[in-house]
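Good morning, colleagues. Please have the sequence and the model open before you, as I shall refer to both while I speak.

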Amino acid sequence: MKQRPQTGKRVFDLALTLPALVFLWPLMLLSAFFVAIGLGRPILFRQQRPGLLGKPFTVVKFRTMTDARNADGKLKSDSERTPLIGRLLRLASLDELPQLWNVVRGEMSLVGPRPLLMEYLPHYSTEQNRRHSVLPGITGWAQINGRNLTRFSERLRLDLWYVDHWTLWLDVKILARTLFKVLRSSGVSLERSVAEIDDIGLHPDTRKKAEHPGTDLPFAPPSK
C-alpha cells in the first residue's frame, strides 16, 4: 500500500487548525472543567489508533465514559458508563476537539477516514485497508453520511470513495456539512453498541459472538 498524494492538504489543515485552536481554547477549557467535575481525572482519553499506512499514533479526546464495572468485574454498558456531561460532549462532538493537536502534529487531518481500533487491522481486506493510504481525520465522508449510525461495511465503502475522489474542495464541503450536522446534533446515537454496527466482524467481541451464537458476551466501547 502506498500513500495517496494529497497536494496542499497539509497547508489547508494548518491554515484552519491553528486559528481554530486560538478561537476554541476557551470552549476546550470549559469542556475540560466539566469533564473534571462530572467524571474526574483523567480529563483526556488517550488510545493508540492506526494512522497513515497503519502506523500507530496516540489519539486524544475528552473522556466521556467512566470505568464503572458490574459485580463480575466486567465493564458496564456504554449507556451506564456515560454520565450526562459525557452525553452532552458527544452529542455536540466537543469530545473531539483535542484531536486538533493531532492535526497540528501531522498525525491526523481535519478530514479523512476516522481512525478505528488497532485490533481491526488484521481483519481488513486488501481493498478496505486502502483507507489507511491517507491521514485519518476528525471528520470524514462517512461521518456526514450517517455519523455513528452507519454500519461498518458502509463506513468502509464511504471511506474508500473519499480516498478515490479526494480534492481540497471536497474537504471544504465535508467540513461545512459537518458543522451543520454538529449544530443539529443529527446522526448521533449514544445507545448503539458495536454489535449493532459491526456487520463484518472487525471487533473481537463481534467475532466471538458470531462463533458462539446465543451467548451474551460483553461488548467493548464503540470506536468513535
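This is a predicted model: local features need pLDDT of at least 70, side-chain atom pairs count only at pLDDT 80 or more; totals for chains, interfaces and linings use all residues.

The largest nonpolar core has 30 residues, of which Phe62, Leu97, Leu100, Trp141, Tyr162 and Ile174 touch the most other members. By a nonpolar core I mean a set of buried Ala, Val, Leu, Ile, Met, Phe, Trp, Tyr and Cys residues joined through side-chain atoms within 4.5 Å. At least two residues of this core come from each of α1 (9-38), β2 (56-62), α3 (84-91), α4 (99-104), β3 (109-111), α5 (152-165) and α6 (168-184). Helices (H or I, at least four residues) and strands (E, at least two) are DSSP runs, numbered from the N terminus. The largest share, 5 residues, is supplied by α1. Apart from this core lies another, of 8 residues, including Leu116, Tyr124, Leu156 and Ile197.

Residues are numbered from 1 along each chain as its sequence is written, and side-chain values use heavy atoms, with hydrogens and water left out.

Which residues does tryptophan 141 touch, not counting residues up to four places away in sequence? They are Leu158, Trp161, Tyr162, Leu170, Ile174 and Arg177, contact meaning heavy atoms within 4.5 Å. Tryptophan 141 counts as buried at 18% relative accessibility, and tryptophan 161 as partly exposed at 31%; buried means under 20% relative accessible area, exposed over 50%, partly exposed in between (1.4 Å probe, protein chains only).

I turn to the aromatic pairs, of which the count comes to 3. Rings of Phe, Tyr and Trp (its six-membered ring) pair if their centres lie within 6.5 Å; planes under 30 degrees apart count as stacked, over 60 as edge-to-face and the rest as tilted. Phenylalanine 33 and phenylalanine 34 form an edge-to-face pair, 5.5 Å centre to centre with 65° between the planes. Phenylalanine 33 is partly exposed, with a relative accessible area of 47%, and phenylalanine 34 is partly exposed, with 37%. Tryptophan 141 and tryptophan 161 form a stacked pair, 4.6 Å centre to centre with 20° between the planes. Tryptophan 141 lies in the loop between β4 (137-139) and α5, and tryptophan 161 in helix α5, so this pair ties together parts that are 20 residues apart in sequence.
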